[in-house]
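Here's a quick briefing to read alongside the structure. Have a look at the fold first, then work through the notes below.

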Amino acid sequence: MTALLTIIIVIFVAVAIWQMVKIFDLAQVGTTNTQVADDQDNKINGYLMMGFLVFIYVITILCFWYIGDLPLMSNAASEHGSEVDNLMIISMVVIFVVQTITQFLLHYFAFKYKGEKGKKAFFYADNNTLEFIWTIIPVIVLAGLIIYGLFTWNDIMNIDEDEDPMVIELYAQQFSWKARYSGGDNVLGKANVRLIDIDRANVLGVDEEDPNAQDDVIVSELHLPVGQQVVFKMRSQDVLHSAYMPHFRAQMNCVPGMVTQFAFTPTVTTADMRQNPDIVEKVKNINDLRKERKAEIEESGQELLYEFDYLLLCNKICGKSHYNMQMKIIVETQEEFDAWMKEQTTFPNSLN
Amino acid sequence: MSAILDTHGHDDHDVHHHKETFVTKYIFSQDHKMIAKQYLVTGTLMGVIGVLMSIMFRMQIAWPEEPNVLFEALLGKWAPDGVMDADVYLALVTIHGTIMVFFVLTAGLSGTFSNLLIPLQIGARDMASGFLNMVSYWLFFISCVIMICSLFVEAGPAAAGWTIYPPLSALPMASGGSGMGMTLWLVSMAIFIASSLLGSLNYIVTVINLRTKGMSMTRLPLTIWAFFVTAVIGVVSFPVLLSAALLLIMDRSFGTSFFLSDIFIQGEVLHYQGGSPVLFEHLFWFLGHPEVYIVILPAMGLVSEIMASSSRKPIFGYRAMIASILAIAFLSTIVWGHHMFISGMNPFLGSVFTFTTLLIAIPSAVKAFNWITTLWKGNLQMNPAMLFSIGFVSTFITGGLTGIILGDSALDINVHDTYFVIAHFHLVMGISALYGMFAGIYHWYPKMFGRMLNKNLGYLHFWITAVCAYGVFFPMHFIGMAGLPRRYYTNSNFPLFDDLANTNVIITIFAIIGGLAQIIYLYNFFVSMFYGKKAVQNPWRSTTLEWTTPVEHIHGNWPGAIPHVYRWSYDYSKPGHDVDFVPQNVPLMEGEEELQH
């Protein structure tokens, strides 16, 4: 039945196009129809080019208006985040200016110089000065961006051991996250997937003999003390995953067979971020939308109302349930963190 | 055969008229023009499949987990009750990417126009080796068939993304598509690479050896420069992907550990030890990045040629255009690491790749400015090919500019693998290359089929496509900057992204309309082949040699001697001439200077 319907629709579309061609042809009776653009075509399409320029500007404005408040591009929750956001804004301004000007020139020229019979184009093959100018300007602008970018990148990637960062392992598997705190000694116990023992609940393959492992703590909700630099050591047990923490401007792949790392200092607690006017507005907006879809959301078993939380998402295709591989991150004061940590079971005690 | 090879046959050389059967003329043809058409039709059909897939997964993103008649009809058991399965979503994304990048925009674009234009524009009777050319097409055809077959295997086609990163692609227990589906994917790609290499070698040899008298390298049309350099990039980088594919096959089937190490999956530890998935990423992107230039350079060449011809002006800065093609080609082989900033490789390498990557913006900017200046004070003939060329520059700028963000390692951290990336590369290489291809088809259709495409349908096709392309990909920048990861089957598990749902619906609606608009083109393409207006010899009044051949295709291209060349290919509106174009085979007038650009 569906096939039949599809065939009928295809036939109708073909007939419609055929009719359209007929109408076009009839409208051009009297002129010789060579299928080569004539003055009339040049004129119409020239005007349409200006129309298209307006369309590009309008869609830009609409996007900024409706989806341009980008809470993941402002209100960074990490120390290096504001630096990244600055660089982002500078780059965006450069892009915006260049885009506006070049699109204008392109479409305006297409309109202005639309062809007319009898007109002759200006034979203009070369101009070294002009070409030098538009080689050197991008060079200067890009040099600035490269230098700024490289400083920022080095700042992010070079981990300053003097600051005594807290060591946490992020452990990825299809399709969930775990975190392992290194405990009082701030050193992670050795681990390898070959040591995984599901029966004993040693799911991360931590070496039970290693003295450094005795105070390790394994959890499935990430808590971070505010203002304390954290270095994440990342592992994966099966396929590539990517630990994406957009609010902290942090991301690093988790690669089976090796340990990768990324460090940052969270600067805003979850509680404070929830009070942030931008976030309050965003959450309200989301909840208004969710209320409209009440029945559907309750059916799926989710809480109806959304409350802001930092998230760790998987951002590297990792299989069937890739779209639902996440872990909540809670940034809290040192006292809250210590209290929470006290309640957790250490690794040796978590074994069966 | 001998007549075809003897491309230097001057003056009184007679071209044999073979007795041709249907099979030698239409199927196992060694004539470059027929092979070009074969590439084009095959590429078009693959394109239809690729676009249909994208419409299906866009529908899933806009209306997640809702029953859909289209899914029920096309996906069968993979869409029980019309609801798309999560594995199939990933498979669609994977095969869409593979088909569009390799089968449509590499083989369909380069294969069609390199084959058609290289002999015609340099003044050769055929490719250096007609036989290799035929083998190249048929290898491509076989790889298409295998890729299509992989859609029908029991556990589904490859579903690890078009980049097929191991271990996901190596372990059948990690993803259903990594079984038979991935084996077929790898076999298909290996054959595809062989096809591409044969083609590229042929193009290089032909351009170097078979140019007609007077056709020096600095008189070549920019199309030929682009095809030539593209072929060189292909020869340099495709073998690396072949090696990656072969090593992956060894890991999958023979237990080696090139890319795998320390894996625990489904309750057991696998034996692999010592390999690294990052190595695969290096090998993959060593092709993968030049690949985007393999896709875009031919489009740039076509657009340059069409813009000059339709503006009735020389291309501005001919030598700068060649220099920037060469610069792009060189830089393209040393920037692959910008796909891997957060792969776990040494951060110092990240710095190096940021530097080289942002450098590539310079030749790209030069090209864009030169195109715009070519329009300035022209006499623009707004044929559909010209509209697509202008559209190309527009999307190339819009898409290219965001490369400044993605190429900057510090910024890439936060937008890597989000919709921002999708917006960027679809505009800068997907849509742009597609526009280049459409421009080429509208422009050279009379050369290929001896008939004209209907221009009004062409206008309709362009304007709907142009609006929809921006409608689809422009908002994606914004949802990407809001942090939405790509390749998510549904976003409904993240209330954080709920406010982006409406935007996703709008994007999908644009995608559906844009997809449907291609029916206009398909209709135009196939119907005009038989019922189109008969073409005259040089409908666009162009200067290049292909328009000096007769409308009817003949073996050996020119009935008599091959024309000699006396000038570059951009003598449009040259002062001192009555007509606004002087073909390359017209000798210089007395006292006329060959203005050397």
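Let's start with a helix pair: the axes of helix α10 (residues 318–332) of chain B and helix α12 (residues 361–375) of chain B come within 9 Å and cross at roughly 150°. That makes α10(B) roughly antiparallel to α12(B) (angles over 145 degrees count as roughly antiparallel, under 35 as roughly parallel, 65 to 115 as roughly perpendicular and the rest as oblique). This is a predicted model, in which local features need pLDDT of at least 70, side-chain atom pairs count only at pLDDT 80 or more, and totals for chains, interfaces and linings use all residues. As for labels, residues are numbered from 1 along each chain as its sequence is written, while chains are lettered from A and ligands numbered from 1 in the order in which they are written.

**The helix pair in chain B**
- Axes here are lines fitted to C-alpha atoms, for helices over the stretch in contact, and angles run from 0 to 180 degrees between N-to-C directions.
- α10(B) passes α12(B) in a left-handed crossing (the near helix is turned anticlockwise from the far one by less than a right angle; clockwise would be right-handed).
- On the α10(B) side, the contact is made by A320(B), M321(B), S324(B), A327(B) and I328(B); α12(B) brings P363(B), S364(B), V366(B), K367(B) and N370(B).
- Being in contact means that the C-beta atoms of two residues, placed from the backbone, lie within 7 Å.
- Helices (H or I, at least four residues) and strands (E, at least two) are DSSP runs, numbered from the N terminus.

**Chain A overall**
- Chain A has nine helices and 10 strands.
- Its radius of gyration is 30 Å, whereas a compact globule of 352 residues would be near 20 Å (taken over C-alpha atoms; the globule rule is 2.2 Å times the number of residues to the power 0.38).
- Along the principal axes, the C-alpha atoms of chain A fill a box of roughly 95 × 65 × 40 Å.
- Buried residues make up 36% of the 352 residues in chain A (buried: 20 or more other C-beta atoms within 10 Å of a residue's own; exposed: 12 or fewer; partly exposed: in between; C-beta atoms are placed from the backbone).
- Of the contacts in chain A with a separation of 6 or more, 68% come from residues 24 or more positions apart.

**One five-stranded sheet in chain A**
- An open sheet of five strands runs in the order β3-β2-β1-β5-β8 (chain A), with mixed pairing (two strands pair if DSSP finds at least two bridges between them).
- β3 (217–219) and β8 of chain A stand at the edges with a single partner strand each, so one side of each is left without a neighbour in the sheet.
- The twist averages 25° from one strand to the next.
- Strand β1 (residues 166–173) of chain A and β5(A) run parallel, joined by seven bridges, and E169(A) has K233(A) as its bridge partner in β5(A).
- β5(A) also pairs with strand β8 (residues 260–264) of chain A, in the antiparallel sense over five bridges; there, V231(A) is partnered by A263(A).
- Five of the seven residues of strand β5 (residues 230–236) of chain A are buried, so it is largely enclosed by the rest of the structure.

**Another five-stranded sheet in chain A**
- This open sheet has the order β4-β10-β9-β6-β7 (chain A), again with mixed pairing.
- β4 (222–225) and β7 (250–254) of chain A are the edge strands, each with a single partner strand, so one side of each lacks a neighbour in the sheet.
- From one strand to the next, the twist averages 20°.
- Helix α8 (residues 334–343) of chain A lies across β4 and β10 (326–332) of chain A, at about 140° to β4(A).

- Most residues other than glycine have a negative phi, and most peptide bonds are trans.
- The peptide bond from Q174(A) to F175(A) is cis, with omega near -10°, and F175(A) sits in the loop between β1 and β2 of chain A.
- P166(B) and P167(B) are also joined by a cis peptide bond, with omega about 5°.
- R249(A) has a positive phi near 55° and counts as buried, with 26 C-beta neighbours inside 10 Å.
- Q266(B), with a positive phi of about 50°, is exposed, with 10 other C-beta atoms within 10 Å.
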